[in-house]
Amino acid sequence: MKILHTADWHVGKVLKNQPRFDEHQRVLADLVRIADAEDVDVVIVAGDLFETSTPSPQAQGLVMRTLLELRGGSGTSGTSGTSGTGGRHVVALAGNHDNQRLVDEVYRPVLDQLEIHVLGHPKRPDRGGMVTITTRQGETAKIAVLPFLAYRFAVRAAEAVLHEAADHALDYARQVGAIIRALSSGFTDDAVNIVTTHGTVLGGRRGGGEREVQTLLGYELPRTVFPATAHYAALGHLHRYQELDGPCPIAYSGSPLALDFGEEANVPVALVVTATPDSRAHVRPVPLAGGRPLRTVRGTLDEVIAEGEAAGEAFLRVVLTQQASAGLADLVREKLPNAIDVQLDERYRPRRGRAGGAGRARLGRSPVEQFADFLAEQSVADERVSAMFAELLDSVVTSEVTSDATGGR
């Protein structure tokens, strides 16, 4: 059985006011291409289909089209699915960025009819928490599905899934562990058994653009929450592709495109997972195309322009290692249209205290000297600014003298 594992699409993501919808269109089209080329049986989308809980109609349209195309089954085995209209099954769950209610109340009733299994909130095994599918070749997969679980709802979710009073004294990790045990209790020896969830596993490396508050602060899970009876654990939430040791093979697919400059070193992939009831899963990353690279360039104005011009279509974060001057950021953007973030290196940023002239008495110092002190505090070294201030000051003083001499006429 072949499984395509993907997650963290974040459709609707904007980077420094730069829309990325075209990139998402290309990268998700490439995901469909991989599903076809690999002729996979099952696609798992492990959460964060959208960037926000209020996705735009454009973002919703792209996600729905992609799910339908993934379901379509235009691979080498044809489109004669076991039932419905397609040759593949798709299982998608809500992540911490998604609107869980929207997934359950709007998408699920419709998509279930097309054998696209979506889940917003944690459910009991008999209400969507366990998905049993039969592939075109007659193989069986049992998939335990646990959407993102907010810390404050852990006890309530445990009671809903376990159908009994949950122990309020248990911490988050133990509540999640109890839920996964309940969901996976129906695993059988003649099926490929999979757990999919959206969460942070201890030892996992962050991709760089995750919400810290929902990857730390008690959200980390030990690898032992995944049962040895599972052939594979398909995870979302961390944006970097990685495989982890545990009772079963555990992997994050990562995001299909770099979402933030903290992720510029990540290589976007989809994971093709091969498994049988008698063997552990084998994970193979397949590169995804379509997203524009992100790159940080650092140096003086001349250095960043030279490096940025060689960076091709990459979106640029420019860090200047020189003192500020009037129009510096505008000059960078004029030379490098792909620069979407221009900033000064920490050493050259304005300091809160009075540097250089700290403690220097204002009494007896001319306005030009005091303005020079201010520029030093702000790490601005631009003689043009000082000259403009002196010229403006002279103009004001001359105007006042003339007014006094003429009696204000």
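Which residues of E9 lie on one side and which on the other, and are they buried or exposed?

## The strand in the middle

Val192, Ile194, Thr196 and His198 sit on one side of E9, with Asn193, Val195 and Thr197 on the other, and all are buried. Buried here means under 20% relative accessible area, with exposed over 50% and partly exposed in between (1.4 Å probe, protein chains only). Strand E9 covers residues 192-198, and seven of its seven residues are buried, so the rest of the structure largely encloses it. Strands (E, at least two residues) and helices (H or I, at least four) are DSSP runs, numbered from the N terminus.

This is a predicted model: local features need pLDDT of at least 70 and side-chain atom pairs count only at pLDDT 80 or more, while totals for chains, interfaces and linings use all residues. Residues are numbered from 1 along each chain as its sequence is written, and side-chain values use heavy atoms, leaving out hydrogens and water.

## Its neighbours

E9 pairs with strand E8 (residues 140-146) in the parallel sense, over six bridges; pairing takes at least two DSSP bridges between two strands. Five bridges also join E9 to strand E12 (residues 232-236), again running parallel. Thr197 has a bridge partner in each: Leu146 of E8 and Leu235 of E12.

## Two cores

The largest nonpolar core has 36 residues, and Leu4, Trp9 and Tyr107 are among those with the most contacts inside it. Such a core is a set of buried Ala, Val, Leu, Ile, Met, Phe, Trp, Tyr and Cys residues joined through side-chain atoms within 4.5 Å. Helix H1 (21-38) is one of the elements that each supply at least two of its residues, and H1 gives the largest share, seven.

Apart from that one lies another core, of 30 residues, including Leu146, Ala233, Leu244 and Cys248.
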